[in-house]
Amino acid sequence: KGNRDLFMIPVTGGEATQITSMPGSEYGLQFVPNTKKIGFMNSGHWWEADYNGENAVQITTILGEISDLKYYI
């Protein structure tokens with residue numbers, strides 16, 4: 001099975017920086033409105049972390065899995 005991690009690449013160019021390395025795949029990256037955090041999917045749950053991927057916290061705790069989440073402001 002594959003594994004996807006998230007990377008950040010400066011818009012001005014330069015090296016990509018890996019920001020996640022959790023078991024499973026991370027996808028669906030979004031910037032969390034009015035914060036300095038990112039949100040992403042992993043293992044059927046929504047997570048939020050600092051821009052550098054540190055301090056990741058699982059936000060959803062429902063039984064089963066969700067397929068996607070979008071912020072609307």
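This is a predicted model: local features need pLDDT of at least 70, side-chain atom pairs count only at pLDDT 80 or more; totals for chains, interfaces and linings use all residues.
User: How many helices and strands does the chain have?
Analyst: The chain has zero helices and six strands, in the pattern β-β-β-β-β-β along the sequence. Helices (H or I, at least four residues) and strands (E, at least two) are DSSP runs, numbered from the N terminus.

User: Why is Ala49 called buried?
Analyst: Buried means under 20% relative accessible area, exposed over 50%, and partly exposed in between, with a 1.4 Å probe and protein chains only. Ala49 has 0% relative accessibility, so Ala49 counts as buried. Ala49 sits in strand β5 (residues 45-50).

User: Which residues is Ala49 in contact with, leaving aside neighbours within four places in sequence?
Analyst: Contact means heavy atoms within 4.5 Å. On that basis Ala49 is in contact with Lys37, Ile38, Phe40, Glu54, Asn55 and Ala56.

User: Why does Ser25 count as buried?
Analyst: The relative accessibility of Ser25 is 17%, and therefore Ser25 counts as buried. Ser25 belongs to the loop between β2 (17-18) and β3 (26-31). Of the 73 residues of the chain, 29% count as buried.

User: What makes the pair of Arg4 and Ser25 a polar contact?
Analyst: A polar contact is a pair of N or O atoms within 3.5 Å; within protein, one must be able to donate a hydrogen and the other to accept it, and residues adjacent in sequence count only if both atoms are side-chain atoms. Here the backbone nitrogen of Arg4 is 2.9 Å from a polar atom of the Ser25 side chain. Not counting residues up to four places away in sequence, Ser25 touches Arg4 and others, including Gly2 and Met41.

User: How do you know whether the radius of gyration agrees or disagrees with that of a compact globule?
Analyst: The radius of gyration is taken over C-alpha atoms, and the globule rule is 2.2 Å times the number of residues to the power 0.38. For 73 residues a compact globule would come near 11 Å; the chain has 13 Å, which agrees. The C-alpha trace spans about 40 × 35 × 20 Å along its principal axes.

Definitions and conventions:
Residues are numbered from 1 along each chain as its sequence is written. Side-chain values use heavy atoms; hydrogens and water are left out.
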